[in-house]
Number of protein chains: 2
Amino acid sequence: MSTGSSDPRAARSRDIMLATARAVMLSEGPAAVTHQRVAQQAGVGRATVYRHWARPEQLLLDVMVGADLPFFRSPTRPVRAWLRRELRRLADQLATPEVAAIAFTLVQGAIWDRAIAKERDRFVSTISDRLVAALDLATRAGELTPSDDLSGVESRVVGPIVYRTALEAAPVPDQLLEELLDSVGRWRHS
Amino acid sequence: MSTGSSDPRAARSRDIMLATARAVMLSEGPAAVTHQRVAQQAGVGRATVYRHWARPEQLLLDVMVGADLPFFRSPTRPVRAWLRRELRRLADQLATPEVAAIAFTLVQGAIWDRAIAKERDRFVSTISDRLVAALDLATRAGELTPSDDLSGVESRVVGPIVYRTALEAAPVPDQLLEELLDSVGRWRHS
C-alpha cells in the first residue's frame, strides 16, 4: 500500500504519519482517522498522505494492523456506567462507513487468508479478555452478581451491536444497551 | 458474472443451472450449492457450470440475489424446538467459508453500494419478520410469555450467532442457543 519504501525519507515520513494516525485512532476511535486529520497532525500536506494511501480504508487498515484496540480499555467504577459508555462508543464507531469497512475487511479477508485471520483473532480475543476482566472487576467490587454461565458472554453483549449496526444498518437504542447489560447478571443500583 | 448471454442456448442453460442452484439452496442451505452439485442436478458437465461462474462465491451470489432465504421459514410447534433447530442450522451454515463469504460480501459491499445494501436489507428484514412471527405464534399458542420489550430481539438472538461464527470463528455451543432462547421470555415446559 505504500510507495517509495526504498527512499529513506519517504519511509520516515510514512512512519511519522502512521504513528500520528495510531495516536488519533487510540484517542478518538478509528472514524477520526482521516487523510486531512493525519496531514494536519503530522505537519505534512494532504497530498503526501494520499501518495502513501490512496484510499481511506487502506490507511485505516495499516493503522489497525498491530495496533491496540481502542475499546474496553481500563475499566473504571461504577463498571456498569463505564461499560455502557464503551458499548455506545463501539456502536457509534461501527456505524461509520470507514470503521465498518475495516471491520468487515478483516472478517471477509479472514475467510481465505491466514494472516488476516490472525489479526481478526487478535482483535476479537482482546475484546473478549477485556470484557471478562471488566465483569470480574464489577464482581469483586460487589457491583455485579454474574449469571451462572458467562461463557460466550462477549458474543451475547457485542454480537447484537455488530448485527444491529453492520447488518441492520440501524441505530443502537439505549434500551438495547441496558438489556445487554442486564443480561450478564444482577447489578446493584442498576 | 455470466458469459455468453447473447447466445440464447447458453442463456437458457444458465437459467436452468440457476434455478437448480436455488432449489438446492432452499432445501439444503447455501453451503450445499457447489459446482459439482449443480452440474449433477441440472444434468450438465461441471465445466459448463465453471464457464458461467468461475468461482463458488460468484455462483452463490447470483443464487442469493432475489432468492428466498432458507432460514426461519414455516415455524412448527413446539416453537422452541423449531427455533432451536433453525438457529443451529444458521450457525452451521455461517460456519462454512462459502456462506460466510457470501454473507460478508453483502455486508461489506453494502457499505458503498446501494444495490447491495438493498439485498442485505431484504435478507435482514426477512429474518427479523420471520423471527417475530414465530415468537407471535409461540405466544398465541400459550408456549411463550414474551419479555416486556421485544424490540431489537432479532439482534439479540441472531447477533451472537453471527459474532461467534464470523468474528470469533468458534463453534456455537448448544448452551448458547438455550440462553438465546431463554432471553426472549418465559417458555412453558422449557
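**Aromatic pairing and its setting**

Modeller: Over all chains, a search of the whole structure finds one aromatic pair. It is formed by Phe104(A) and Phe104(B), whose rings are stacked at 5.6 Å centre to centre with 10° between the planes (a pair needs ring centres of Phe, Tyr or the six-membered ring of Trp within 6.5 Å; planes under 30 degrees apart are stacked, over 60 edge-to-face, the rest tilted). Since this is a predicted model, local features need pLDDT of at least 70 and side-chain atom pairs pLDDT 80 or more, whereas totals for chains, interfaces and linings use all residues. Residues are numbered from 1 along each chain as its sequence is written, chains are lettered from A and ligands numbered from 1 in the order written, and side-chain values use heavy atoms, without hydrogens or water.

Phe104(A) belongs to helix H6 (residues 97-110) of chain A and Phe104(B) to helix H6 (residues 97-110) of chain B, so the pair joins two chains (helices are DSSP runs of H or I, at least four residues, numbered from the N terminus). Both Phe104(A) and Phe104(B) are buried (under 20% relative accessible area, with exposed over 50% and partly exposed in between, for a 1.4 Å probe and protein chains only).

The relation between the chains is the next part of the setting. Chain B is superposed on chain A by a rotation of 180° with 0.0 Å of shift along its axis, at an RMSD of 0.1 Å (least squares on C-alpha atoms of residues with pLDDT of at least 70 in both). The two copies are therefore related as by a two-fold rotation axis. In chain B, the C-alpha nearest that axis belongs to Gly159(B) and lies 2.2 Å from it. Of the interface residues of chain B, 100% are also interface residues in chain A, so the copies meet through the same surface.

Just after H4(B), Gly66(B) takes a positive phi of about 80°. In chain A, Asp62(A) is likewise found in helix H4 (residues 56-64), and its relative accessibility of 16% makes Asp62(A) count as buried.

Most residues other than glycine have a negative phi, and most peptide bonds are trans. Ser74(A), in the loop between H4 and H5 of chain A, has a positive phi of about 45° although it is not a glycine, and it counts as exposed at 59% relative accessibility. Ser74(B), placed in the loop between H4 and H5 of chain B, also has a positive phi of about 45°, and is exposed with a relative accessible area of 57%. The peptide bond from Arg77(A) to Pro78(A) is cis, with omega near 0°, and Pro78(A) lies in the loop between H4 and helix H5 (79-94) of chain A. In chain B, a cis peptide bond with omega about 0° joins Arg77(B) and Pro78(B).

Definitions and conventions: Contact = heavy atoms within 4.5 Å.
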